[in-house]
Every structure is written in C-alpha cells, then in structure tokens.
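Here's a quick briefing to read alongside the model. Have a look at the structure first, then go through the notes below.

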Amino acid sequence: MTSVDVPVPRDSNLPSLSRVVRKKTIAPPPLPPPMNPEDMPWRGQGGRAPTLSSVEFDRQLDKVAMWLEEWNHEQRCQVLEGLLRRSNFRQFQFLNTSLQPALHRDFMYTARTQFPSIEFVPLSTHTSRKLKEKLIFTRQDNYHRIDSAHLTDDEQAKQQAQEKDPLRLPEITNGNPSKSAPEVPSLWSVVPSKRPRRSVSLIETQPEKWVGDGKPLYDKNPNIRYIDMPVRRHIQDEQSPRYSLQVSTISAHNTGPHVVSGQIHKASAVSGSTGQLSKSSSTSTLHAQSDGALTLQRKAKIKNKSDSSKSLEIEANMLYNWYSNNWTDVKRNEFLHKLLLKIDPRQHYFISSFLTARQYKDFITLLPETVSLKILNLLRVHDLLKCCMVCKAWNSLANNMDLWRRKCEAVKLEIPIIEAETLDWKQLYRENKFLRVNWNDGKCKITDLKGHTESVICVIFDQTRLASGGLDKSIRVWDLKTGTCMHVLKGHVKGVWCLNFYTQNLLISGSYDGTIRVWNLRTGKCQKTILAHDGPIWAIGRHKDNLVSASQDKLAKVWDINRCLLVQTLTGHSAAVFAVDMSEDGKLAITGSADKSVRIWSIETGRCLRWISVSQTTSIMSVSYSQGFLACSYGETICVYKVDGPTKLVRKYLDIVNEHQKRIECLKLQISDREKGTGIIVSAGKDGRVKYWDITKEKSLQTFIGHRGKEVNAIHFDELRIASAADDNKIRIWDFNI
C-alpha cells in the first residue's frame, strides 16, 4: 500500500497554527533635504563653505582689498557713502552693532591723536540728550563735557569727516636767526611708508601720518586684512605680463570689450561696470577680460586727478553692482565686517556720523507740509501731544487746526459746537475728552438754585435757561450761566408737575389743576390755557407741534399745541397714567401706567401698537425712549427693553443694598450707539440719590447725593450736566464741563 501526499490548499480566512514571529520594522527618519549652498549661513571669519559662488565672492573681495589700498580718505568716504545709500535696514543694524567695539570710550581721544587733521567730535543723539537732562536734574553733571555735534542731514556728516589743514607751529631759533635749528621731525611731517607693497599694480602711494619720534601710531595697511595669506593665484596671473598678453589676444578675437596699445575701449569700462556674474565659461571669459582690462588700466594711469577720479568711478561702479545686484544680505554683512577691519578710524567715524544722521533725521520738517500732516494724522492723540514737545517746527505742525478737526470728526463730540470763523478744534477735542473723563470719575461743579418756597416737582433746561415748577404753584426761569432767576410765572391754582420748552420764547406747563398753559417768556404772562383733563396732569412729552399729556383720568391725549387742538385720545389703560415719552421722529408715544403696564401708541392713528406687562406688583412711575430702546422704572427696579422689532428685555437693575433703596421717581435714557446697544441712564428716587448708569454694565458708575437725603422728584440731563429737583425746595446742577 503506497501513501501519497496530496497538497491541501490552505484557506486564507482560517487562522494559522504556526507561531510566526513578526519583527517590527522601524522606518529610518527621513533625511533632511540638501541645503542650497546659497542659503548656507555666514560662519564668521572663515566665511561660508567653498562653492562656486563663494569662490567668486572671495575673488571680488580680493579686488576690493587692492582698491582700498589705493584709495585715500576722501575717496574711501565717497565709496562708503554710495554703499550706505544702497544698504537696507539689515546692513544698518549690522553696522550699528559691529561698530560698537571700535567706537569705545577712548576712541575720540585716540583717533584725534592719530589723525589731528580731523576733529573727532562726539555726536549728539536723543539718548545722550536725555541722559544729560537727567544728570542736570539730579545735579550729577559736575564734570567737564566736550561739546557734541548735532547732525541733521548727510551733508553735515560728510563735512564732519573732512580733513582740515593741520596747524603748523612756528620755528624757534633762540633769538639767533642765522643759526638754523636742528632738524627734528615735525609733529605732522610726511614720511614714506616702510611696508613693502603687496601688489605690483599699486603705483601711487598715499602719505602716512607720523607723530612724535617718527613711529607711526596707525598704519594704513593693518595687520588684520581679510586676505590674510599670500596673493591669490588669480591676482598673480593678472599682474603677470604673460596674462596681460593673453587677455589682449582674446579681446582681439571677440566682439566684446578689447584693449589696444594700452588704451581701454569705452565698451570695456561699460561691461566692467555691469559686473554680471555667471557660472558658464563664456561669462568667466568676459570677467577675465574686464578684470584684466582694469588691471592694465590701473598700470597705465597717470598721476593726475582726472585719471584717478575716472578709475575710482569705474571701480566704484563695479563694487556698487556687486553690492546691489549680486550679493545677498549675508554676503553684504560679511563684506561689511571685513571692510571695517580694513579701514581706519577716520572712516569708522564717517560711517558712525552718517548712520547717526540717517537714524535721527527730522523727516517731518523736511517733507512738504501736506505730507507731514498726513503722517501726523495717523498718530494717536496721545502721541500727537508728545510731538508738540519735540521742537517749534513740530509744535506748529501738531497744532494745525485741520489736523485737529479730523481728530474731532473721528469721535463723537458731546460738547455743543459754537459757530465761529476761527474755531479752536484742539481745545474742543480737549474739552470733549475731559468731559467724558469727568462723567466716569464723577468730577463736577455743583450749583444750587434757591427760590421756591415748597418742594420742587419738575425741572427742564436748554443750552442757556432752566425752568422749574413746584408745589408753590409757580414756575421759575433761571439763567444757567449766572444762576440768577429771570422770570417768575404764576397762574396755576395748584402745583406744577411738568414743563417743556416749546420755542425760544414759549414754555409749556402741566399742572395738578388739569390744565395746560403756554407762557410767553418775554412778557412773563400766560398766552394760552387748555382745559386738557378731568384729573391732575402728571407728565407731558413733545415733538415739534405734537404734545402728549398723561393724566390721572386714565387717558393720554395728543394735542396740536400750535392750534390748541385735540388730535387723538389714547384709551386703553385701566389706571392712572403717570409717565409719557415720544420717539425721535414723533410717530410713537410711550405711556406708563398704574396698571403695571407700558403701552406704545401710534400718534397718527391713536392705536395701541404694543403692550408690555412690566411689573406684577406696583405702578410704572417713569418711562424714557431712545433709538428703539425703552427704559422704565417701578419700585426700586429699572428695566431696559429693545422694542425695535420683537420686544426683548436687555437689562434689569435690582439691587436694594447697593443701588436705589427706595422707589425710583424718574429716569432718563440716552442711547449713544444703536447697533452696539450702548447708552447711559440717569435715575433718581425717594432715597435722595442720583445715579448714573451704563446699560452695558450691571452696576451704576456714579452715585450723587446732594439733597440731604430728601426725595428727588425730577431730573433732566444732557451731555454737559444733570439737574435735579427735590423736596428741599432747591434745584441742584451737576456740571461736568469743567
């Protein structure tokens, strides 16, 4: 019997019986992308990694080093000025930091000793002036200070770094003119340089400054130069006659720049000034041509000013092109770092002066007035006031009336503007600002008006006058400025409960006797009398010729006060109507009643548009409407509703401990921003307190107590003041415009 192994296919869905050890394979972290040689950071003295670009950069630095050895102080300053004008903020920041070690505390003295032909004067800055003011204020400025130079433009910086003719001392002969004095090295005598030249191409030598015993205090060729090695190969090749012959041969076969008989073609200078570098062989050939041509030209220069200036122009243009077009910020900073090691203190002082003039330049006075005003208009008012203290020119610009008029237009002016030809907008802005601060801090001027013999029930005022009515059946008109009583109006047989100014010379009053009277303020007599209601009139509200009166007879009536004609009778309340107000457009009337409800009426139709059940326990004593918001009071509670749309309770104030402790008799609402829902409320009650509220906050901002705890019956306020009438027979004015 033979056994045959039959392979059985394995179901992939079944679990495997053999234990398979699975090794976790951890993927190696991804390698960082290769860094572009152009993006590699500068690593200090050694430069960057050697790349094609860095080799070309070193080649350019070598040429600049050779040019610097030929340039004198004036030419160096010209080139430095061109470089600084082509620099940006990064280079200015780098130079300000790098110059700090060089411009140490003994720099001025040491540099003046080495180079007496230049006056190294300390530079005046804002920091130094503030420090001096502080020392003088603390009486610590008791030592001698050298006068400093205040630089305002670039020309002054250049003049400050110019060399002056040195002072030569007269020869002393000891009274014997025939005997000549021994030859002693002069203090500023010129001695040729003792250091060997590093370049064959340097024909001109600049005089060195020597002092004392003939040893130079400063050598123009410093020990630390950024070619701290033998002359590079390409420099040696350019200096050899064989390389010059090759360059001339190559130039003869090309259409580009060429050299003939030692004379450089005009196109050679143009192509050399462009300085466009490329990695291709053709571009390198052009570089060799232009650089070789410059070397030949430098050898063939004549010692005169015209040729020197022409050579300087060509070399400077090539340097400017490299600096502006070819070098990045890293290369520029590396070049500037090595340049600072190459130049002497005279150029250090020039760079420092130039940067100081640039940093502290008064651009506001240099620009046209219209441009300066546009710049100042972008500042905040606090910063604008600081500009007034800088100088007379800034003070004149910062006090410009057009500038402050724009500032006033940007804010809400709560102070009334008086029409005048010459309006002081700055003073207007100041008063408006201090007015709001006084409101928030409760700082005000208090004036008491005394004259009523009994309790004062109502008060109202405009810009110049104030009217009050009391239980003594009289109406008094006061001058707001002087506080004197102008008129005493008598005619009502009972107490006067409400007042309203109709025109400049007409005043409307409502009394407990149920009548409405119109008074002429010129004559002091009653012009019209309306038998309005069957009960006392508690409140009136007016918009133009429409007058709404609220009475004890449960009615509110709309009158055409000009014709003394009844327009509408608003019926619906089931109890006495204690409060009334009107909308800004005069289309709505709002009434508050003892039936614990508030109703909104249409003046045109006399229909009730909205009914709001405010209280469950007590009467509505006061209502006030402003820009779609309604405020009402009952007991010690204030409610604020938004009625422009669906009725919504916005805020409810009820704090018997910290706020009103007795019934609130009156309140006034004023909305400042309808969209944001911001505004203020002023309320008063039987506890003798007058409170000032912000409807966006839960607690009152200020509390005023001034009637000796007597009951406050009425208030009226505007942007400048609050007037309150109380049972102590007087009116108190809280004036915040101080």
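Cysteine 388 is buried, with a relative accessible area of 11% (buried means under 20%, exposed over 50%, partly exposed in between, using a 1.4 Å probe and protein chains only). Keep in mind that this is a predicted model, where local features need pLDDT of at least 70, side-chain atom pairs count only at pLDDT 80 or more, and totals for chains, interfaces and linings use all residues. Residues are numbered from 1 along each chain as its sequence is written, and side-chain values use heavy atoms, with hydrogens and water left out.

**Cysteines**
- With a disulfide taken as a pair of cysteine sulfur atoms within 2.5 Å, the count is zero.
- Cysteine 388 has its nearest cysteine sulfur 7.1 Å away, in cysteine 387, and is in no disulfide.
- Cysteine 564 is partly exposed, at 29% relative accessible area, and its sulfur sits 9.6 Å from the closest cysteine sulfur, that of cysteine 526, which is too far for a bond.

**Serine 597**
- You'll find serine 597 in strand 20, residues 597–602 (strands are DSSP runs of E, at least two residues, numbered from the N terminus).
- Serine 597 is buried, with a relative accessible area of 2%.
- Leaving aside neighbours within four places in sequence, its contacts (heavy atoms within 4.5 Å) include His573, Thr591, Trp611 and Ile620.

- Residues 449–488 are 0% helix and 60% strand, with end C-alpha atoms 13 Å apart.

Terms used: Helices (H or I, at least four residues) and strands (E, at least two) are DSSP runs, numbered from the N terminus.
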